[in-house]
Amino acid sequence: MRDVIIACDFPSWEKTKRFMNLFTEEKPFLKIGMELFYAEGPQVVREMKARGHKIFLDLKLHDIPNTVKKGMRSLSNLDIDMCNLHAAGSIEMMRAALEGLTKPDGSRPLLIAVTQLTSIDEERLHSELLIEKSMDETVMHYARNAAVAGLDGVVCSPLEAAKVKQACGSGFLTITPGVRFEDGDVGDQKRVTTPAKARELGSDYIVIGRPITDSADPVAAYRRAVKDFLD
Ligand code: C5P
């Protein structure tokens, strides 16, 4: 269940394929974001699935319930393993999304909510979005809404994982980006933890991009993350 997910933040299938071809033994869980999906379309998902990878499709849907339900229905036909939406779209929208994702046999991919984007700080939350509650209260409230709607978990910082589980139940999943190796570059991530620390803090899935994709030896970097996080 717990796993390391590699963020494939590449602009084209060509570059993605070059990266994937490095992995001759493992079949890592891969995340496809907007950049790659909008450039290459659903075919990139089919190609990755055909090669035996699990897929987290990170498209963060947010629209009226009926539109999200139908969008999710299209995504569920792609046989993905995990996808996400914005909890800000309401409990009704999240329930509609679940309905759209569920196949006639009752199976469906994991559905994960984004609470507040990490690019929004407390100042903007108050002055621009006019949300008066603190960031922490807002994030936890949105996480509880996601749990009420029946979603499987949220994207959050490893530092918030324990609190999310306290608020939403221990089985509620935490998918955590912002992971860096102890001796690595932090880049633009503000609050980072190592894979081992993320495990200690209770993350279910860690999402790692550049520390693996920009590494001189991506396979070794992936193996290091897996060892630190899963062993
Ligand atoms: O390269 P890096 O390890 O920073 O990549 C992290 C991935 O997780 C990126 O695809 C980024 O968009 C995503 N992400 C994030 N922080 C969030 C939500 C998603 O870094 N709060």
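**Contacts, burial and helix packing**

Me: Which residues does Thr213 touch, not counting residues up to four places away in sequence?
Reply: The structure discussed here is a predicted model. In it, Thr213 has its place in helix α10, residues 210-213. With residues up to four places away in sequence left out, the residues that Thr213 touches are Ile6, Ala7, Phe10 and Phe19.

Me: Is Thr213 buried or exposed?
Reply: A residue counts as buried when its relative accessible area is under 20%. The relative accessibility of Thr213 is 17%, and Thr213 therefore counts as buried.

Me: How are the axes of α1 and α3 oriented to each other, roughly parallel or roughly antiparallel?
Reply: Two packed helices are described by the angle between their axes and the distance between the axes. The axes of α1 (residues 13-20) and α3 (residues 43-50) come within 11 Å and cross at roughly 15°. Angles under 35 degrees count as roughly parallel. The relation of α1 to α3 is therefore roughly parallel.

Me: Which residues of α3 take part in the contact with α1?
Reply: The crossing in which α1 passes α3 is right-handed. On the α1 side, the contact is made by Trp13, Thr16 and Met20. The residues of this contact divide into four nonpolar, one polar and one charged. From α3, the contributing residues are Val44, Glu47 and Met48.

Me: What span does helix α7 reach from its first C-alpha to its last?
Reply: Helix α7 covers residues 135-149, which are 15 residues. At 1.5 Å a residue, a span of 21 Å is expected. The helix comes close to that, and its span from first to last C-alpha is 21 Å.

Me: Against which elements do the buried residues of α7 pack?
Reply: The buried residues of α7 include Met135, Val139, Tyr142, Ala143 and Ala146. Just after the helix, Gly150 takes a positive phi of about 100°. The elements against which the buried residues of α7 pack are α5 (91-101), β5 (110-114), α6 (122-127), β6 (153-155) and α8 (161-168).

Me: How many Å apart in space are Ala87 and Ala143, C-alpha to C-alpha?
Reply: Ala87 lies in the loop between β4 (82-86) and α5, while Ala143 is one of the buried residues of α7. In sequence, Ala87 and Ala143 are 56 residues apart. Their C-alpha to C-alpha separation in space is 7.6 Å.

Me: Which residues does Ala87 touch, not counting residues up to four places away in sequence?
Reply: Ala87 counts as buried because its relative accessibility is 4%. Leaving out residues up to four places away in sequence, Ala87 touches Met94, Ala113, Val114 and Tyr142.

Notes:
Residues are numbered from 1 along each chain as its sequence is written. This is a predicted model: local features need pLDDT of at least 70, side-chain atom pairs count only at pLDDT 80 or more; totals for chains, interfaces and linings use all residues. Side-chain values use heavy atoms; hydrogens and water are left out. Helices (H or I, at least four residues) and strands (E, at least two) are DSSP runs, numbered from the N terminus. The expected span of a helix is 1.5 Å times one less than its number of residues. Buried means under 20% relative accessible area, exposed over 50%, partly exposed in between (1.4 Å probe, protein chains only). Contact means heavy atoms within 4.5 Å. Axes are lines fitted to C-alpha atoms, for helices over the stretch in contact, and angles run from 0 to 180 degrees between N-to-C directions. Angles under 35 degrees count as roughly parallel, over 145 as roughly antiparallel, 65 to 115 as roughly perpendicular and the rest as oblique. A crossing is left-handed if the near helix is turned anticlockwise from the far one by less than a right angle, and right-handed if clockwise. Ala, Val, Leu, Ile, Met, Phe, Trp, Tyr, Cys and Pro count as nonpolar, Asp, Glu, Lys and Arg as charged, and the others, Gly among them, as polar.
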